[in-house]
Amino acid sequence: MSEQAKPKYGVIVQATALIVALLMYTTSMTTPALSAIQEAFPDASAETVKLISSIPSLMLCIFSLVSGWLTTKLSIKKCIIIASILILVGVLPAFTGDMTFIIFTRVVFGAGYGLIFPLASAVITDLFEGAKKDTMMGWKSAIGALAGVVFQTLGGVLTAYSWRYAFLGFLLVIPILVMVLIFLPDTGVQSKTAGKKEGTFTKGLVVCVIVGFLLNAVQFSFMQDMSFVVTGDGLGGALDAANVLSTFTALSFVAGLIYVLFAKAFKRFTPVVAILLVGIAFAIATVAPSLPVLFAAAAIFGLGFGFTNPALTLKAASCVTNPSKTPMAISIYVCATGVGQFLSAYILTFVTGTLGLNMTRADWQVASVAIIVGCVIGFVALAVTGKKKAEA
């Protein structure tokens with residue numbers, strides 16, 4: 001659909017476009033069941049059981065790129081339907097199957113998971129424009145923050161009855177699929193814009209890919225290390241760590257709701273300011289002497305995290321000279337973030353080991369310095385390019 005001819009869609013279409021984002025967070029439903037699955041299959045190694053959680057992340061790196069290619073052959077609506085069906089396969093272990101079968105279904109589920117991640121953003125950029133697009137992308141981020149908690153809680157409740165019941169949560173895909181089939185417009189396969197060159201990506205996409213990879217390689221240490229820091233440094237117990245992370249989630253939700261206002265305030269500096277908030281949060285967390293200060297850091301991190309996701313995704317989506325390639329640009333960016341997440345632990349271990357850092361918050365120290373220095377570079381680069389454009 002061309003950028004000039006996008007119709008105004010009503011509440012039902014907007015709701016359906018946003019509900020697609022729920023499919024990205026279905027993977028969290030099985031996380032609480034891992035220990036119970038280990039007990040049910042004592043002959044399976046711990047590494048094999050952990051594949052249930054890690055396979056979707058690996059498949060994200062692969063199928064996020066497939067997603068961009070697929071949108072050149074099929075409409076975004078058809079791609080979402082295919083992804084939904086693959087994700088629905090994740091329900092099968094609820095009824096039968098050994099560990100091999102579970103791993104197989106996670107591979108199929110992971111393919112759908114990888115496809116849907118860029119599609120959840122691409123459907124918004126396809127249907128909406130201007131301030132409405134910014135608003136919808138912010139709401140998508142807010143829904144993600146809430147869905148992750150809700151789905152993980154649901155998985156825990158179902159696991160209390162049986163580990164197989166945790167997989168029943170994937171039945172939620174069915175009403176989402178029905179809504180997509182009925183209400184989501186089919187805009188067709190985007191045709192190439194007349195007069196546009198075949199080379200359709202700008203240099204800005206390279207920057208987005210590098211930033212997305214590096215940021216995700218360090219920022220997830222905030223969530224991963226929180227329990228170790230809280231308990232290891234004597235700031236509290238496991239419940240305190242969970243409450244700190246809940247604060248992060250709550251503020252991520254708020255950030256998504258007000259993203260459009262944030263973007264209006266900072267304009268082209270929006271991504272850098274959003275990332276800087278994450279860096280500031282890491283700096284505070286690194287030196288936090290008490291639990292209340294960690295709560296403050298988590299609040300700032302939640303805002304930065306909630307602003308960064310839509311800001312960078314929209315930036316990547318804009319790095320095209322041909323609108324038909326927008327889904328592929330988003331796919332390339334999502335792939336970079338997925339690789340960053342997957343390699344995060346290895347990269348931080350290498351950096352902290354090389355620097356001889358062995359304290360509890362070493363990862364956070366590296367993250368804070370890297371992010372803040374990167375943001376300073378970003379501010380300078382944007383200021384220089386803005387000045388050149390003004391002089392031109």
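Q: Which residues make the nonpolar surface patch of about 600 Å²?

A: A patch takes residues with over 30% relative accessible area and no salt bridge; nonpolar side chains (Val, Leu, Ile, Met, Phe, Trp, Tyr) are joined within 5 Å, like charges within 9 Å. Areas come from the Shrake-Rupley method with a 1.4 Å probe; for residues, only the protein chains shown count as cover. Here the members are Ile12, Leu171, Ile174, Val178, Leu181, Ile182 and Phe183. This is a predicted model: local features need pLDDT of at least 70, side-chain atom pairs count only at pLDDT 80 or more, and totals for chains, interfaces and linings use all residues. Residues are numbered from 1 along each chain as its sequence is written, and side-chain values use heavy atoms, leaving out hydrogens and water.

Q: Which helix gives the largest share of the nonpolar patch?

A: Helices are DSSP runs (H or I, at least four residues), numbered from the N terminus. Helix H7 (residues 173–183) supplies five residues. Ile174 sits in helix H7.

Q: How many salt bridges does the structure hold?

A: A salt bridge puts a side-chain nitrogen of Lys or Arg within 4 Å of a carboxyl oxygen of Asp or Glu. There are two. Asp186 pairs with Lys78 at 3.0 Å, N to O. Asp186 lies in the loop between H7 and helix H8 (203–219) and Lys78 in helix H4 (residues 76–88), so the pair ties together parts 108 residues apart in sequence. Asp233 pairs with Arg361 at 2.9 Å, N to O.

Q: Is Arg361 buried or exposed?

A: Buried means under 20% relative accessible area, exposed over 50%, partly exposed in between. Arg361 is buried, at 10%. Asp233 is partly exposed, at 33%.

Key: Helices (H or I, at least four residues) and strands (E, at least two) are DSSP runs, numbered from the N terminus. Buried means under 20% relative accessible area, exposed over 50%, partly exposed in between (1.4 Å probe, protein chains only).
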